[in-house]
Amino acid sequence: MHGPASPGWLLVALCAATGAYCLLRMRSPVEEQRRAAGGEALMGFGMAAMAVPAAVFAPPPWAWPGYAAVFGAAALRALWTARRSPHHVHHLLGTAAMVYMALVMSASPGHHHEHEGSGVPLVTGVLLFYFVGYVLLSGIRLVPVTGATVGDGGSVGWGDRPELARACRLSMGIAMVAMLLTL
């Protein structure tokens with residue numbers, strides 16, 4: 001992505017850590033949790049790879065269409081699974097945003113993307129609107145309710161902690177906003 005190297009590396013670290021946690025979640029005994037975690041791990045690692053500052057590593061010309069193909073396939077899978085679960089609609093929008101960013105980067109490797117006229121392109125603006133709303137809503141959902149208990153005292157594995165899964169999704173949403181802003 002375009003932009004300064006320091007924030008880019010922080011974004012890489014955030015996305016890679018999120019992808020690694022999602023890999024841990026894939027060990028859950030709950031099938032739906034494992035399935036969702038796999039898609040989220042792909043998103044986390046893909047976002048980390050795309051966020052590497054261009055000043056440090058300029059991907060070869062075939063990399064951006066490769067990203068678009070990988071995330072296009074993930075978008076088709078999310079579209080198929082969205083029939084059963086509304087949560088996968090968010091996965092569909094996330095993978096579509098990754099395809100869009102890869103195509104934009106493919107069209108303008110190594111320099112800032114210039115737009116006709118002024119302002120933010122329509123697709124970027126719509127995606128920013130969605131992901132900013134998602135981040136705000138997810139952040140509100142993480143605020144603990146007064147008087148609520150955190151757990152029942154039983155042992156819960158790292159992969160089965162719903163609050164960590166929500167925090168993981170929130171961090172990927174924040175990263176998506178940052179990546180769309182630097183597009």
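Contact here means heavy atoms within 4.5 Å. The legends below describe a predicted model.

**View 1. Confidence across the predicted protein.** The mean pLDDT of the protein is 83, with 83% of residues at 70 or more. Helix α5 (residues 122-142) has the highest confidence, at a mean of 93, and helix α2 (residues 31-51) the lowest, at 88. Over residues 111-115, pLDDT stays under 50, and the model has seven contacts for this stretch beyond four places in sequence. Where pLDDT is low, the predicted coordinates should not be read in detail.

**View 2. Helix α6 and its packing partners.** Helix α6 has 20 residues and reaches 29 Å from its first C-alpha to its last, close to the 28 Å expected at 1.5 Å a residue. The buried residues of α6 pack against α1, α2, α4 and α5. Among them are the methionines M172, M176 and M179, together with R169 and S171. A165, C168 and L180 also belong to the buried set of α6.

**View 3. Helix α2 and its packing partners.** From first C-alpha to last, the 21 residues of α2 reach 30 Å, close to the 30 Å expected at 1.5 Å a residue. Its buried residues include E40, M43, G44, G46, M47 and M50. The buried residues of α2 pack against α1 (5-25), α3 (63-81), α4 (87-107) and α6 (162-181).

View 4. Leaving aside neighbours within four places in sequence, M98 is in contact with M43, G46, M47, M50, F71 and M176.

**View 5. The largest cavity and its lining.** The count comes to one cavity of 30 Å³ or more, and the largest cavity has a volume of about 120 Å³. Which residues line the largest cavity? The lining consists of E40, M43, M47, H90, H91, G94, F131, R169, M172, G173 and M176. Helices α2, α4 and α6 each supply at least two lining residues. With four residues, α6 gives the most to this lining.

Key: Residues numbered from 1 in each chain as written. Predicted model: local features only at pLDDT ≥ 70, side-chain atom pairs only at ≥ 80, totals over all residues. Heavy atoms only, no water. pLDDT = per-residue confidence, 0-100. Expected span 1.5 Å × (residues − 1). Buried < 20%, exposed > 50% of the residue type's maximum accessible area, 1.4 Å probe, protein only. 1 Å grid on protein atoms, 1.4 Å probe; cavity = no way out; pocket = protein on both sides within 12 Å on 5 of 7 lines; lining within 4 Å. Points joined across faces, edges and corners; volume = space filled by probe spheres on them.
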